Structure formats: structure tokens, C-alpha cells
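Please open the model in your viewer and keep the selection tool at hand.

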Amino acid sequence: VHIVSGGFRAMIEPYAAVELGVDKGDIFANTILWHDNGDYAGFDPDEPTASEGGKPRVIDLLKRTRGYETVVMVGDGATDLQAKPPADAFIGYGGVVKRDKVKLNADWFVTDFSDLLDCLRAEDAPAAAS
């Protein structure tokens with residue numbers, strides 16, 4: 001599992017580590033930059049998610065560097081939808097806000113995240129011994 005977000009690392013990393021068990025190295029997000037006096041200085045333009053098309057670039061990077069053959073993107077917005085392709089499938093999430101474009105273009109659309117988790121758990125279940 002990776003997190004690919006246009007949000008900020010400082011807000012994502014603590015939650016991702018504690019609640020989701022996602023390592024910092026598996027998070028692609030924006031880094032806030034600060035001046036020495038503590039004033040906001042902007043964000044790191046070198047982060048792949050800092051510009052248009054960043055999420056597809058991250059998916060490409062993961063496929064090339066980690067050897068993933070199949071990548072499924074889950075998201076709720078247009079920039080998440082942009083990640084397919086190179087993502088092989090896109091699951092739209094409408095549990096907070098339902099966006100028509102996301103719903104219309106998703107391979108699967110869920111409004112309750114537990115539906116997705118239940119499906120994943122079923123896929124991970126060991127085969128019954130015969």
C-alpha cells in the first residue's frame with residue numbers, strides 16, 4: 001500500500017504510520033517549506049505530486065522501481081482519476097463527496113470504504129483445504 005496525495009506530508013505521515021501502518025517511504029505527498037524565522041515559504045517543487053500529472057508519474061515510478069505489474073488507484077477526485085493509466089484500475093470513493101466525473105469514470109465506485117476492505121479481505125483469505 002502506498003499513499004499518493006496532493007496533501008502535505010506533515011499531516012499525512014503521522015496518521016499513515018500509526019493508523020494504517022504505511023511507512024514514510026511509501027508516501028508520496030507535498031512537503032511544506034519554511035523560512036528560518038518560521039514563516040511559510042511554499043512547498044517543495046521537486047515532489048512529484050507538486051505539479052499537474054504528478055500522480056500518474058508516481059504510478060509509473062512505482063511500476064518501474066518496485067516491479068509492480070498491476071496497480072490499482074483508489075481516490076475521490078479528478079487528480080486521482082488521472083492516474084489511470086498508468087494505473088491498471090481506478091476505484092472511485094464517494095464516502096465524503098460524490099463527484100459525478102469520478103463515479104462515471106471509475107472501474108468501481110464505493111461510498112462505504114468497508115465495502116472495499118471486505119472485498120480485499122475476501123481476496124486475501126486462504127483457499128479452503130480440500
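Which element gives the most to the lining of the largest pocket? Select α1 to see it, for α1 contributes five residues to that lining. Before going further, note that this is a predicted model, in which local features need pLDDT of at least 70, side-chain atom pairs count only at pLDDT 80 or more, and totals for chains, interfaces and linings use all residues. Residues are numbered from 1 along each chain as its sequence is written, and side-chain values use heavy atoms, with hydrogens and water left out.

**The whole chain**

The chain holds five helices and seven strands, where helices (H or I, at least four residues) and strands (E, at least two) are DSSP runs numbered from the N terminus. Followed from the N terminus, the elements run β-α-β-β-β-α-β-α-β-α-β-α. Of the 130 residues, 32% count as buried, a word that stands for under 20% relative accessible area, with a 1.4 Å probe and protein chains only.

**The largest pocket**

Now select V1, H2, I3, V74 and F113, which lie nearest the centre of the largest pocket among its 32 lining residues. A pocket here is an open set of points on a 1 Å grid over the protein atoms alone, where a 1.4 Å probe fits, with protein on both sides within 12 Å along at least five of seven lines, and lining residues have an atom within 4 Å of a point. Its volume is about 1300 Å³, taken as the space filled by probe spheres set on the points, which are joined across faces, edges and corners. Colour β1 (3-8), α1 (9-20), α2 (54-66), β5 (72-75), β6 (89-93) and α5 (113-124), each of which supplies at least two residues of the lining.

**S5 in β1**

Next pick S5, which is placed in strand β1. Is S5 buried or exposed? S5 counts as buried, because its relative accessibility is 18%. Leaving aside neighbours within four places in sequence, S5 is in contact (heavy atoms within 4.5 Å) with I12, F28, A29, N30, T49 and K55.

**The three-stranded sheet**

Move to the open sheet of three strands, whose order is β5-β6-β7 with parallel pairing; two strands pair if DSSP finds at least two bridges between them. Its edge strands are β5 and β7 (108-110), each pairing on one side only. Between β6 and β7 the parallel pairing runs over three bridges, and if you select Y93 you will find its bridge partner in β7 to be V110.

Stay in strand β6 and select F90, which counts as buried because its relative accessibility is 0%. Not counting residues up to four places away in sequence, F90 touches M73, V74, G75, D80, L81, K84, V102, A106, D107 and W108.

Note on methods: Buried means under 20% relative accessible area, exposed over 50%, partly exposed in between (1.4 Å probe, protein chains only).
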